[in-house]
Amino acid sequence: MTALPADFRPLTPTRRFTVTSPDGARIAVQVHEPDRDSDAPTAVLVHGWTLSATFWVRVVHRIAGLVRTVVYDQRGHGRSSPVPDGGFTPAALADDLAAVLAATVPDGGAAVVAGHSMGAMAVVAFAGRHADGLHRQVGTVLLASTGVEQLLGRMAVVPSLRRGPAGTPDAGTAGPVRLAVTRQALRDARPLHRMPLPLARATLVHTTMSRTATPQERAYAADLVLACPPRTYEGFARMLADLDLAADLARLDVPARVLVGTADRLTPPWHARRMAASLPHPAGLVQVAGAGHLTPLTAPDAVAAAVLDLARRDREARPDQWVPRTHG
Amino acid sequence: MDASQTPHDRTPHGALPRHVPVLVIGAGFAGIGAAAVLGRAGYDVLVLERADGIGGTWRDNRYPGCACDVPSALYSFSFAPVPRATTGGGAGWSRRFAAQPEILAYLDDVVRRLGLRRSIRCGVEVVGAAWDEAALVWRVTTGAGTLTADVLISACGALSEPAPPQVPGLDTFGGPVLHTARWTPGTDLAGLRVAVVGTGASGVQVVPELARQAAELIVLQRTPPWILPRRDRPLPHGLGRAPRLARAWTYTRQELFEPALVHRPALLAVAERYALAQLRRQVPDPGLRALLTPGYRLGCKRVLLSDDYYPALVRDTVELLPSALARLEPGTVVAADGTRRAVDAVVLATGFRVTDPPIAHRIRGRDGVLLADAWRPTGMQALRGTTVTGFPNLFLLTGPNTGSAHTSMVHVIESQLRYVRDALDVMRERDAVAIEPTPAAQRAWTEDVRRRMRSTVWATGGCDSWYADGEGRLTALWPGSSLRLRRRTRRLDVREYRAVRR
């Protein structure tokens, strides 16, 4: 076994507890308090499909000493409870986030909420569903490696004859064949679990990471995905296939930064550019050269820098630096 | 004998005899074995036990999940390999690895079967023993009076004195603080928040049991242990009919580990892969797995066997803290890394004082020298693990450098008992009143042991373990096969001893 670098080793949270979502799902939350600054801003990190709070470990290593860091396991993942029937919806993910924020961020706390992939979708859905919570508790948002519509159609997981702009996986909208193959590949978790481990790993690396990923990053990510219960995998895969949160994105009216790896096959940069153009309060578009989909794991410096920058800016914000928030 | 007499009373009035030829301290496996082997050889043996029952470590350790890590087929006396038929079943061990109640019942049964009850006095603690050079006897002080003995045998065991962590707050915690070896029967931790300190042999056994009961379980881990699959299973009745075959087979299998542990630690990489495969299978989360992956060679610390420890850690209600215990505050455990967790009860699975045994602070040899003081400059040492210069007619069972990391300590105890019996026979034949090893013999023996220790995984594996004393000297384990120890303790070599004749 290759020894893991130090920043893959989980940090012990200051507190652990469970919050209950309105539909009864229990969400496992971890809070890392910084040693000194009791007045530090709060960052809430929301992981994506088939991952867990563990996924954020390298970012947590970089920010936990500076900001209060909250991570939690999305429903059906990690140590949170299985998803109740009918609970595989963006609204449920938004409610989970609302419950976590209610338990961890005081009113006016102006947290930075950073979502990755399906975690960012939860943030967008939260904005559409909990405008009051957004304005009371959230200062800024980071949307990392994500999209809010046309997810299947824009995926570049199944190889295509068409080529997009050089060096990016953007290949335009999939035709009916590629769409059908992609849909089928996502729908069923069983083949992945039945494959020999090296083949499953190779499949996951192709899908979620780029050639620049280190062996440790590859093994770590593959293990996280393989640890995901098949029911969770399949339930959210169905949700993602037909997701459209464009209307919710229009209601995300706090400063929001978009981050994407230029070699992302699952949510290619097309999404990032489109979101950055349609956000009410865009606060920058960060493109990480050569990175694949799992930016918090393979580009932790860029992600941590974005989170800390948003936290600092929000804290030092003068009214003229940000477009004033609309309330109500 | 009076029928109303309690089993362990030697005399109806409980008075100790004024003199016994052979006095044994402790009624665990070693003490019971001494009573059996030496009694059968015709010696008059008295065993004093401080607790109110026999069994030693198997009586003290009553924590949930307590069981032996050596297959039962081998973890028994060769002269009584299996328990007798109990409760309607056939003879033999019920499981591949017997649990504590079955082992304790076995020892009770051995005592009854071999008629050793009259040789054992429970509830009598030896508080001191001093060699009387003029009278050539041991003067022994007990909680029930004094007596003298020609020969003193320490059968106190290596794992008898709990070693609670040296941290503040144990007294002011405000809830139960239990050492696994001092478990109060009937302790109910169901529904409580519990912290377990330590992930050695006891910790790994108690955690799965507590994980089932406790509302929350916090496990404090200083260093992750290596854990191999246990593959425990019930044994069919009737297997007890071929105890000697099962014993030989198990003995051979266990002994196969010895060359790797002692001579070629690099071979242990094979076992490491096996252990890591189980870790990967049972702990899917790569983060938790990183905390559980040892950073030293398998075998350097005691290798543990478990099928249910890792699955317990994966439960939602269980949290692993990768840190030592710093202190207890009322209602709170505080880890060395500063992590705090509120708990209702604390279980100390922190092991035993192995390399500084308390009995060494109670035995004085010639010129009034305390055994602990005699050992302080050099670490524990004894000729053939059994006898010590300056301490005539003293025999140490499970003495220095006799511990086994790979096979049954009962085998070691029986090897030593043959040596003790031979020593007593030689003394009788030669009319020797007292014998003690020459300094040269003890020195040569210790040098040989330490030389052979250098290639072992305990010396080279890159860990801190209870096999080493405070100075890093490996004085607990035998660096060789159990067969080698048996050969080396088969006969008393008179050239190694000085004798006082009548």
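Helix α6 (residues 176-187) of chain A packs against helix α10 (residues 230-241) of chain A at an angle of about 155°, and their axes lie 9 Å apart. That makes α6(A) roughly antiparallel to α10(A), a label for angles over 145 degrees. Axes here are lines fitted to C-alpha atoms, for helices over the stretch in contact, and angles run from 0 to 180 degrees between N-to-C directions. A:R183, A:L186 and A:R187 in α6(A) meet A:E234, A:A237 and A:A241 in α10(A); contact means that C-beta atoms, placed from the backbone, lie within 7 Å.

A word on the model: it is predicted, local features need pLDDT of at least 70, side-chain atom pairs count only at pLDDT 80 or more, and totals for chains, interfaces and linings use all residues. Residues are numbered from 1 along each chain as its sequence is written, while chains are lettered from A and ligands numbered from 1 in the order in which they are written.

Stepping back, chain A holds 14 helices and eight strands; helices (H or I, at least four residues) and strands (E, at least two) are DSSP runs, numbered from the N terminus. Its radius of gyration is 18 Å, close to the 20 Å that the globule rule gives for 328 residues, so chain A is as compact as a globular protein of that length. The radius is taken over C-alpha atoms, and the rule is 2.2 Å times the number of residues to the power 0.38. Of the 328 residues in chain A, 54% are buried, meaning that 20 or more other C-beta atoms, placed from the backbone, lie within 10 Å of a residue's own.

Now to chain B. Four of the five residues of strand β9 (residues 216-220) of chain B are buried, so β9(B) is largely enclosed by the rest of the structure. From β8(B), the chain crosses through helix α4 (residues 201-213) of chain B to β9(B) in a right-handed β-α-β crossover: with the strands pointing away from the viewer, the path from the first strand over the helix to the second runs clockwise.

| Strands | Sense | Bridges | Bridge partners |
|---|---|---|---|
| β9(B) and β12(B), residues 318-321 | parallel | four bridges | B:L220 and B:L321 |
| β14(B), residues 332-335, and β15(B) | antiparallel | three bridges | B:V334 and B:R340 |

Finally, β13-β14-β15 (chain B) is the order of an open, antiparallel sheet of three strands.

Notes:
Buried ≥ 20, exposed ≤ 12 C-beta atoms within 10 Å, placed from the backbone. Pairing = 2+ DSSP bridges. Parallel < 35°, antiparallel > 145°, perpendicular 65-115°, else oblique. Contact = placed C-beta atoms within 7 Å.
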